[in-house]
Amino acid sequence: MNPRLRHPLVALTALAMIAAPAATTLPVAVADPGTTSMMLVLDASGSMAADDGTGTPKIDSARKSLTSLVNSLPTEAKVGMRVLGATVEGTEPMPDEACDDTQRVVDLAQNNQAELISAIGHYSPYGWTPIPKALEEAGKDLGNDGKRSIVLVSDGESTCGDPCPTAESLASSGVDLTIDVVGLSVDATTREQLQCIADKGKGKYYDADNTEDLTKALQQSTTDRDVRSFDYDGTAVTGTSNAGSAPELTPGYWKDTIPATGNESDTLTRYYVVKRSAKQTDISASVLVTSTAHEQELEYTKIMSTQLLTGNKTCTSGDSDYAGSTYPEPYYLSGAMATGHDYSDDCNDAEQLILKVDLENFDLSSDRTLQLKVGEWPRVGDVNEQASAAETADEGDFQDTTGKFGGSPTQITGGSSLASATGIEQNKLYQATIVPGEVQTFSVPVGWGQSVSSSVSVMPTGGEQGKKLDELDKSNNEPLMSTNIITGAGNKRDKSTCEVRSDGCTAEMSQLTRPATYDMESSSSSSQAGAYTVTVAMSDEEALAGSEFSYQLYVQTVGEILPAPNYQTYEESLTASPSPSGSSATASSSASGSSGSSRHSLLAAALGSVGVLLLAGGGVGIWYTRRHR
């Protein structure tokens, strides 16, 4: 899903700043210009004739900055312009009609730069400051459809009542309308009111003291974007606190919302029933929970664990995951794979397994959503042939990524959920953008016998954004960039993290997975070929809210692709009889190794997913607050 833009002109300004090779490879900020619209609302009150502090009248600063902004926009930009205080003279006493003094001087349209620049040139200081009416009319100008934004440029308080309720009413009328405000050489009282307009309008406030500041503020107001929330896929379901009444899950995506209790440290258990399609099929289960700011402050503390049960018997347990690492985690994950060969007959023959999810020290100060994915595999007949053939990779088998970064990357947009992970190729350089607080997902094919590694490099940043990073660096509060891998069986590796500074940073050789092999002697050593999920995340930092950072991603796979395991047919799984020896599959010619064995039945095709995945997150998907130890 495309992100909600802080402001529709994120898309439009981005078009002016990058070369667009093809629509399918553009960065996420480049949206369809036809779906976005913006109204500039400009203060023409008498106070705009005052000096901005540099010897330049505020009106001249505004004209120069607005002209620069308009010239930077592509012709596809859908923009209009409205003025306030332009026709009723600002002399005492203020007449009643002054509070209705606002006019649309340029209609909302594309390819109207000449008209906008002409209107800016005729914009002169004259009257009062009727901000509430101007905002109300700007909302009408924009209509009710698509992404909409109002950018208000003003140097004074409203002379016609409190504008904050108007801003709040407009923003609540639709999730795709925001109000950004630029204050030009304002005092503390005026700044407070203009900040209120931005807050109530779900936008941002920018200070500007001169032409240079105003130009930067206007450009930033049209390029900032909101954090993309993590999406939750599938059918709604409610897990239970006892196994007897647990809901039944079939292969696919499900989502479960745990209501807030108001407590920052709760202990609870959720149960779900996983039905088998045949005897002795294999089940994988893992739980992934996005972290909250409170959980990031915990010392070494258990957050979650998972088990697959039959009755009171534990068939397999996932590794527990903990808060309290040196660097905060974007999420916690516990996962295990239960094969039909390495647990008891009770577990082998059970028609269903109970998935038990234990959450401890779990922050429920707000609702948390669980993303569940259910999968199942047919039973495998050939014992350990594949596992013994695979060679364990080490870092020396992978290329040094230092020489890869900075090359000619393919522009790409990361996904916003496990299901929407963007497909990428092995051993290829990609470039994307991210804002603090986001988690992005990518999907890479991994063949049987292969290991995978991911590395990420943040590009150097200059200008105001670079200055902010330098200030954060001085206080040891620079944001973090990390990458991780979730395997086909739902296990994560240890993430690699780097501290983002103005000269960038690189997290090299961040992951090194075991070869994707099926080891019947040990479910903990088993993995699965297929789609692995690469995650890239940047920690939240209020001072950088909405700022986009460019980064490059390189994912490597090594190892010879091996034949797929010898899956049993549907009838063999029903009787739990072993398949004939020596009938292993031919190696797949694709990197994913997903063609499998010639003995795959309809069961194998139907059970081709990769386990049970759960992902829990807070309301907007901001994954952690920066913490140093």
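Select helices α4 and α5 in this predicted model: the crossing of the two is left-handed. Helix α4 covers residues 131–142 and helix α5 residues 164–172; their axes come within 9 Å and cross at roughly 15°. Because angles under 35 degrees count as roughly parallel, α4 is roughly parallel to α5.

Next, show the side chains between these helices. On α4, pick Pro132, Leu135, Glu136 and Gly139; on α5, pick Thr166, Ala167 and Leu170, which together make the contact. Colour them by class: 4 are nonpolar, 2 polar and 1 charged.

Move on to the hairpin of β12 and β13. Select residues 301–310 for strand β12 and residues 313–317 for strand β13; the two run antiparallel and are joined by 4 bridges. To find one point of pairing, pick Leu308, whose bridge partner in β13 is Thr316. Then go to the turn, where 2 residues lie between the strands and Gly311 takes a positive phi near 60°.

The last stop is a sheet. Display β18, β20, β27, β22 and β25, which in that order form an open sheet of 5 strands with mixed pairing. Its edge strands are β18, at 410–411, and β25, at 505–507, and each of these pairs on one side only.

Notes: Residues numbered from 1 in each chain as written. Predicted model: local features only at pLDDT ≥ 70, side-chain atom pairs only at ≥ 80, totals over all residues. Heavy atoms only, no water. Pairing = 2+ DSSP bridges. Axes fitted to C-alpha atoms, helices over the stretch in contact; angles between N-to-C directions. Parallel < 35°, antiparallel > 145°, perpendicular 65-115°, else oblique. Left-handed = near helix turned anticlockwise from the far one by under 90°. Contact = heavy atoms within 4.5 Å. Nonpolar A, V, L, I, M, F, W, Y, C, P; charged D, E, K, R; others polar.
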